[in-house]
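Subject: Handover of a structure

Dear colleague,

Please find below the structure that I am handing over to you. The notes after it set out what was found.

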Amino acid sequence: MSTFLNPKRTVAELKELRSFTSDENGAQRVAFTKKWVETRAWLRKKLEALPVEMHVDEAGSLWATLRGQSERALLIGGHMDSVPNGGWLDGCLNVLAGVEILRRINAQYNGKPPVTVRLVDWADEEGARFGKSLFGSSACSGNLDMSEARGLKDKDGIGLPDALKQVGVDFEGVKESGKELKNAAAYLELHIEQGPVLLDLDLPLGAVLGTFGVERHAITFHGQAAHSGSTPMNRRKDAFLAAAKIYRIAERSNGGVCTIGSCTTKPGIVTSVVAECRITLDQRHLDAVALAKMLKEAKEASERFAKEGNVTVSWERLWQIEPVLFNKELVQMCSDAIVETCGKTHRMPSGPLHDAAEVARAGVPTVMMFVQSLHGISHNKIEDTKEEHLEMCVTAFDKLAEKAVRWVKGNVMRDA
Ligand SMILES: [Zn+2]
């Protein structure tokens, strides 16, 4: 099959895409903009060379389908949209590797693979304009919160439903796109890591176990404003001093990660003891039990710190999502494909959410593969990956796709 696969072509196409969708500040393929529409047209041209059926679903995601002997389908996904001033690989690497795999499968099986193979370019993965990521995939999975999304506005005050209308999408019907998953038997997604783990291990590729669950809270400590000169230390009810101790629990994240991203004080003037201090706590872990434990420990600690500081504390949940574990058999295939390609693999969780998490939540067996990110940085024009690693990831991802085709075919025969 390697005779049909040309990973160098994928690298060349990524460069071609960069040449007309990036400027000196990085990639500018923000969803539903003119550049994004141009990007889609370019992608369609590439796909038109193949005997695939193409259509845009009710949520604006583009699907290309190569019909196989079975209706049961292997899905490969990514997103052509970028954040403003984004990197040249995030999202589009996945799609263009998928295009190359479609070419290989089409050539190897003379246009009729054992199972149907579909490539999807999800609409607005980044959520850069309306602040809500995974739009196309969450509409498709059924998890999109319609009442929340209906009210989203961009910085110019334009609502999401109006922006969608501009590109021919009727907001109220976006969840109809769920029917695309009807025959979905497996979902694969390749992605640049967006973190430094593989770089630090000096490994090109990793198999992703799942995406972190998230617990996001605002914690407010309530004390008492008092003059900063006349109030002795032992008489103060300083909300900030109590809140500051929370850093101690951030240090104990036990395989997860924990971030205090925001801290605001009232009255917020230089001459007053802090009466109210609000911090945000974002906790993430791949294991639901461990995440619940992190949260419980943080709550207990905050109450202890409040008591010690003679203040009170209250919690408000801002957002929450459960961990999403990928399919064990597919994770094994992904790991095997990586070992066959470069000799060594690593299994790791994903901190950021991806479209793959939505597809997995919809019940489709899913796995992701990560390729090393130089600098460990994404959503930035300096995002980069060594060319040899890019070629390697296309090769390994293709091996995974072939294993998945056979796996889906095997399941079809077993169920028949
Ligand atoms: Zn991405």
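Glu322 is partly exposed, with a relative accessible area of 44%; here buried means under 20% relative accessible area, exposed over 50%, and partly exposed in between, computed with a 1.4 Å probe on protein chains only. Before going further, please note that this is a predicted model, in which local features need pLDDT of at least 70 and side-chain atom pairs count only at pLDDT 80 or more, while totals for chains, interfaces and linings use all residues. Residues are numbered from 1 along each chain as its sequence is written, and side-chain values use heavy atoms, with hydrogens and water left out.

Salt bridges

Side chains of opposite charge can pair when their charged atoms come close. The partner of Glu322 is Arg361, and their side chains form a salt bridge at 3.8 Å, N to O, the term standing for a side-chain nitrogen of Lys or Arg within 4 Å of a carboxyl oxygen of Asp or Glu. Arg361 belongs to helix H12 (residues 355-361) and Glu322 to the loop between strand E12 (312-321) and strand E13 (324-325), so the pair ties together parts that are 39 residues apart in sequence. Helices (H or I, at least four residues) and strands (E, at least two) are DSSP runs, numbered from the N terminus. Arg361 also counts as partly exposed, at 32% relative accessibility.

How many salt bridges does this rule give? The count comes to 30. One of them joins the side chains of Arg9 and Glu100 at 2.9 Å, N to O. This pair links distant parts of the chain, for Arg9 is in helix H1 (residues 7-21) and Glu100 in helix H3, 91 residues apart. Arg9 is partly exposed at 31% relative accessibility, whereas Glu100 is buried at 0%. Arg9 and Glu100 also belong to a network of salt bridges that links them with Glu13, Glu16, Lys46 and Arg103.

A further salt bridge brings together Lys34 and Glu38 (3.8 Å, N to O). Both residues lie in helix H2 (residues 34-48), four residues apart, which is about one turn of the helix. Lys34 is exposed, at 66% relative accessibility, and Glu38 is partly exposed, at 31%.

His79 is in the loop between strand E5 (70-78) and helix H3 (92-108), and His191 is in strand E7 (residues 184-192), so the pair ties together parts that are 112 residues apart in sequence. Both His79 and His191 are buried.

A four-stranded sheet

Strands of a sheet pair through backbone hydrogen bonds, either parallel or antiparallel. In this model, four strands form an open sheet in the order E10-E11-E9-E12, with antiparallel pairing; two strands pair if DSSP finds at least two bridges between them. Strand E10 (257-266) and E12 stand at the edges with a single partner strand each, so one side of each is left without a neighbour in the sheet. From one strand to the next, the twist averages 15 degrees. Axes are lines fitted to C-alpha atoms, for helices over the stretch in contact, and angles run from 0 to 180 degrees between N-to-C directions. Strand E9 (residues 213-222) pairs with strand E11 (residues 276-285) over 10 bridges, and the bridge partner of His217 in E11 is Leu281. Helix H10 (residues 288-308) packs on the sheet and touches E9, E10, E11 and E12, its direction making about 160 degrees with that of E11.

Two buried residues

Ser82 lies in the loop between E5 and H3 and is buried at 2% relative accessibility. Not counting residues up to four places away in sequence, Ser82 touches several residues, among them Ala27, Val30 and Glu126; contact means heavy atoms within 4.5 Å.

Ala184, in strand E7, is buried at 10% relative accessibility. Ala184 and Val364 are 180 residues apart in sequence and 6.5 Å apart in space, C-alpha to C-alpha. Val364 is one of the residues that Ala184 touches, as are Arg72, Ala73 and Leu75.

Yours sincerely
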